[in-house]
Amino acid sequence: MKIVYIITQATWGGAQAHLYSLIKAQVMRGNAVSLVYGVEGRLSASVAKEFQDVQVVRVASLVHPIAPLSDLKAIYTLRKLVKNWQPDIIHLHSSKAGMIGRLATIRLPMKVIFTVHGWGFTPGVGKKRQLLMGNY
């Protein structure tokens, strides 16, 4: 099985620790794994060093803050990557990667999973941001 994990920031925190565990488990199962990220950090470095068979790709336009031009570029780049790779599963992590990844995979045949790590619909988050992040 081919699995592509996508996250905005490959630094280190709860989402990244969770993703590292998923990657490790899928590699141990013999699945083909790719990690796509926007901002380099401990996660991307650790995966590249420890799992030589994992394809690790940086998409520089996949940035955390909402940035329309970068976001459009990230959507285009991700769509091109996944159409080329033809994974069975795309697993999105973080609200921003979730939004960009879902837009990039519209009408593509692979299964798309979105794991919420930062609750974008908690008290204090505006309705516009909730809609943008797909939290409806």
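**Aromatic pairs and a salt bridge in a predicted model**

Trp 12 is partly exposed, with a relative accessible area of 35%, where buried means under 20% relative accessible area, exposed over 50% and partly exposed in between, for a 1.4 Å probe and protein chains only. The model is predicted, so that local features need pLDDT of at least 70 and side-chain atom pairs count only at pLDDT 80 or more, while totals for chains, interfaces and linings use all residues. Residues are numbered from 1 along each chain as its sequence is written, and side-chain values use heavy atoms, with hydrogens and water left out.

The structure holds two aromatic pairs, a pair being counted when rings of Phe, Tyr or Trp (its six-membered ring) have centres within 6.5 Å, with planes under 30 degrees apart taken as stacked, over 60 as edge-to-face and the rest as tilted. Trp 12 and Tyr 20 form an edge-to-face pair, at 6.2 Å centre to centre and with 65 degrees between the planes. Tyr 20 is buried, with a relative accessible area of 17%. The rings of Tyr 20 and Phe 51 have their centres 5.7 Å apart and their planes at 50 degrees, and the pair is therefore tilted. Because Tyr 20 lies in helix H1 (residues 14-28) and Phe 51 in the loop between helix H2 (42-50) and strand S3 (55-58), this pair ties together parts that are 31 residues apart in sequence; helices (H or I, at least four residues) and strands (E, at least two) are DSSP runs numbered from the N terminus. Phe 51, like Tyr 20, is buried, and ring pairs link Trp 12, Tyr 20 and Phe 51 into a cluster.

Arg 42 lies over the face of Trp 12, at 4.1 Å from the ring centre, where a charge sits over a ring if NZ of Lys or CZ of Arg is within 6 Å of the ring centre and within 35 degrees of the ring normal. Arg 102 lies over the face of Phe 114, at 4.6 Å from the ring centre.

The structure also holds one salt bridge, defined as a side-chain nitrogen of Lys or Arg within 4 Å of a carboxyl oxygen of Asp or Glu. The bridge is formed by the side chains of Asp 71 and Lys 96, at 2.7 Å from N to O, and links distant parts of the chain, with Asp 71 in helix H3 (residues 68-85) and Lys 96 in helix H4 (residues 95-104), 25 residues apart. Both Asp 71 and Lys 96 are buried.
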